[in-house]
Amino acid sequence: MAEIICLPADLLRDKLKTLLAAVESRLNSAVKQDVSSLAQGHMNARTASFYHLNSGGRRVRARLALAAGLALGLTKDDAICIASCAELLHNASLVHDDIQDRDVVRRGQAAVWSEFGTNVAICTGDFLLSAAYGVLSTISQPLLLPALLNLLHERTATAIDGQCADLATLGGQSAGLAAYLQIATAKSGALLSLPLELALLAAGRPDAAGMARQACENLAISYQILDDLQDLEADSALVEGCVDQTQSFNIVCVLCSPNGLTSMGLKIEAMASAQTLALEHLTRCDSLAAQLPSGSGSQLRDLSAELRGLLNAQAWLEKR
């Protein structure tokens, strides 16, 4: 392991920018076209993976891994390895999500299934998932690989459980606030905590992994609530048409159940309650992130502050 680094905020930003460029290179290398591949040409999973990975994205999970890796004293290569693994897995989930949700656009361009077809998109998500394991296998501490690979599997399985539960609610299975929180925790929290947990495990601090997971789960709940509120702002038909949580598993619909969204006053009250709930979970996230060793939760706290600012804007409340 390298020496633990405590960088000023401006130097940390510059360092992360450099390392993020290395992560992009690693992602592209992981999906590069194999000249011996039987699936040559436009319609193959490697081409579709490259197409998806180069569509943009904030690389939040990479930032979490890189900042934690620097703080904990991991080598640059190991930090990049963990960051790339987390991003490949996350992007695999996005490709599959778009198929299930039938979302035709992702990051301003056609979603993979819309551009390449559903069959290639399924293979693309599988390929990106496999690539995540392949990248992680290159970490410089082979004795840790069994534990790291097992953690990767466990978080992947949790995210899949959350996705299945989410799809079940859209199929008509009734669910209340407790189920909403459990689904958000599993579906989003697992892959958000993975880069931090991997970095802590690689740095010899598995004792702090549970705290990192709890912090990320609280952040994931807040993010999901914010996303739901923004969906309501963008789609007034969702507000007017959602009469129970089985038609739309949106936080406002959940909070208004079982009475249904029958009045504007009730909708406003539910949106305000959702905002309060999200802010409470951010406070819990901040408290836990501040306790992570060597400042490894710094990027998590920055992300929390960003979400807090968006929640406090209350733009959706002003427009209703």
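Select valine 31 first: at 1% relative accessibility this residue counts as buried, a word that here means under 20% relative accessible area, with exposed meaning over 50% and partly exposed in between (1.4 Å probe, protein chains only). Valine 31 sits in the loop between helix H1 (9–30) and helix H2 (45–53), where helices are DSSP runs (H or I, at least four residues) numbered from the N terminus. Leaving aside residues up to four places away in sequence, valine 31 touches Arg46, Ser49, Phe50, Leu53, Phe127 and Leu128, a contact being heavy atoms within 4.5 Å.

Before going on, keep in mind that this is a predicted model, in which local features need pLDDT of at least 70 and side-chain atom pairs count only at pLDDT 80 or more, while totals for chains, interfaces and linings use all residues. Residues are numbered from 1 along each chain as its sequence is written, and side-chain values use heavy atoms, with hydrogens and water left out.

If you colour the chain by pLDDT, the predictor's confidence in each residue from 0 to 100, the average is 88, and 82% of the residues score at least 70. Residues 243–247 have a pLDDT below 50, although this stretch has 16 contacts in the model beyond near neighbours in sequence. Where pLDDT is low, the predicted coordinates should not be read in detail.

Next, select Leu66, Ile225 and Leu300, the residues with the most contacts inside the largest nonpolar core, which has 94 residues; such a core is a set of buried Ala, Val, Leu, Ile, Met, Phe, Trp, Tyr and Cys residues joined through side-chain atoms within 4.5 Å. Helix H8 (residues 177–202) supplies the largest share of this core, 14 residues. Around leucine 66, look for the residues it touches, among them Leu16, Leu19, Val23 and Ile80.

Which cysteine sulfur is closest to that of cysteine 256? The closest one belongs to cysteine 253, at 7.3 Å, which is too far for a bond. Cysteine 256 is buried, with a relative accessible area of 3%, whereas cysteine 164 is partly exposed at 48% relative accessibility. The structure holds zero disulfides, a disulfide being a pair of cysteine sulfur atoms within 2.5 Å.

Conventions: Helices (H or I, at least four residues) and strands (E, at least two) are DSSP runs, numbered from the N terminus.
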